[in-house]
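Subject: Structure handover and findings

Dear colleague,

Please find below the structure I promised to pass on to you, with the sequence alongside. After it I have set out what I found on going through it.

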Amino acid sequence: MPGKTILFTSGKGGVGKTTSTANIAVALAAHDPNLNICMIDMDIGLRNLDIQLGLENRIVYNLVDVVEGTCKVKQALVRDKRLPNLSLLPAAQTRDKTAVTPDQMVQLVSELREMFDLVLIDCPAGIEQGFHNSAAAADEAIIISTPEMSAVRDADRVIGLLESYPRKISCWLIINRLRPSMVKTNDMMSVDDVLEILGIRLLGVVPEDEKIIVATNKGEPIALSSKNGGAGQAYRNIAMRLTGVEVPLLDVFNEKQNIFVRQLNKLKSLIKFG
Amino acid sequence: MGFLGWLSGPPSEATSKDEAKKRLQLTIFHDRMEVMELPPEKLNALRDELMEVIAKYFEIDLSRTECTLQQDEREVAFVANIPVKKIRSGH
């Protein structure tokens, strides 16, 4: 059976598309070693998925090379250094979004579907050709939004565009970078607020987590390196839900208490040394 | 909001979240209308044409007629409230 294709998109930049793609991919691959997964970085000219995964030094060929026939698909795929069942098809860094067409993407993805169980597409920001190239072959879409006005507005636009595709693409929502303390003080929209506006199914909620920055510094997605709680746990839960397992939403509000206690301890230790 | 503000709980006046939500709902509604290519002028034209047809069958109270677009989840409905004064004879 040919593999399924899932698109990660948002409209707005900087809301965590690439981070989400990388983390969900590694969580899925780690959960099931028999699941063969391929990620495609569609951000031609501004590639970053390789960095998030720590694979930037292993790239020889890229997506544009494959489409233009310079190399075979297999030659361009970069295998993950930790997970043998996970591969990356990197974007070209020196070209732009017009280097490939939606038809070429459909062709390429149909080839990848024969090789992999799951193809995850990391869409670039915007709704121009890069978006349409990415959406051309998607079966499902995961919309990433933060609980901020501009991100939600752009997410709504992207959902509308996907709904206008003749092929039915079912949409899921990930609410990323939620700050429980700000939701509590009514200074940030809650999960329910965002769901009420966007009206699509919720796949998961990822809390704001400083450890993401550290994980990216090391090229080790947080879903692999972190223990319980935080963004890493949220991504692992999302991956489980994608495999059909029902996992309750991460209790980000309870976690806040833990962070609070941690801050207090930090303060105490500062006083000790001070 | 600092550490003490967090302890004292949410303020009683309309919160910044409420404002964000309200502005966002309105903006997105207009965005969706624009994408559907249904600007206000077009909506008014639709209302006028509709009234012409309905007026053939009913005597209606134009001053109390309301036509609006309402949204529910991801669907938009055209809702018209047209008070009927009398059914015209001959129909």
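In this predicted model, helix H1 (residues 17–31) of chain A packs against helix H12 (residues 230–242) of chain A at an angle of about 65 degrees, with the two axes 8 Å apart. The crossing in which H1(A) passes H12(A) is right-handed. On the side of H1(A), the contact is made by Asn23(A), Ile24(A), Ala27(A), Leu28(A) and His31(A), while H12(A) contributes Tyr235(A), Arg236(A), Ile238(A), Ala239(A), Met240(A) and Leu242(A).

As for H1(A) itself, 13 of its 15 residues are buried, so the helix is mostly covered. Its length also agrees with expectation, because 15 residues at 1.5 Å a residue should span 21 Å, and the C-alpha atoms at its ends are 21 Å apart.

Chain A also holds an open sheet of eight strands, with mixed pairing and the order S3-S4-S2-S5-S1-S6-S7-S8. Strand S3 (78–79) and strand S8 (201–207) of chain A each have a single partner strand, so they stand at the edges and one side of each is left without a neighbour in the sheet. Within the sheet, strand S1 (residues 4–9) of chain A runs parallel to strand S6 (residues 140–145) of chain A, and four bridges join the two; Ile6(A), for instance, has Glu140(A) in S6(A) as its bridge partner. Helix H5 (residues 102–115) of chain A lies across S1, strand S2 (37–41) and strand S5 (118–122) of chain A, and runs at about 140 degrees to S5(A).

Turning to chain B, its secondary structure consists of three helices and four strands, which follow the pattern α-α-α-β-β-β-β along the sequence. Of the 91 residues in chain B, 2% are buried. Among its contacts between residues at least 6 apart in sequence, 47% join residues that are at least 24 apart.

One residue of chain B that I looked at individually is Asn81(B), which lies in strand S3 (residues 75–81) of that chain. Asn81(B) counts as exposed because it has 9 C-beta neighbours inside 10 Å, where the cut-off for exposed is 12 or fewer. Leaving aside residues up to four places away in sequence, Asn81(B) touches Thr65(B) and Glu66(B). Thr65(B) is 16 residues from Asn81(B) in sequence, yet their C-alpha atoms are 5.7 Å apart in space.

With best wishes

Key
Residues numbered from 1 in each chain as written. Chains lettered and ligands numbered in written order. Predicted model: local features only at pLDDT ≥ 70, side-chain atom pairs only at ≥ 80, totals over all residues. Pairing = 2+ DSSP bridges. Contact = placed C-beta atoms within 7 Å. Axes fitted to C-alpha atoms, helices over the stretch in contact; angles between N-to-C directions. Buried ≥ 20, exposed ≤ 12 C-beta atoms within 10 Å, placed from the backbone. Expected span 1.5 Å × (residues − 1). Left-handed = near helix turned anticlockwise from the far one by under 90°.
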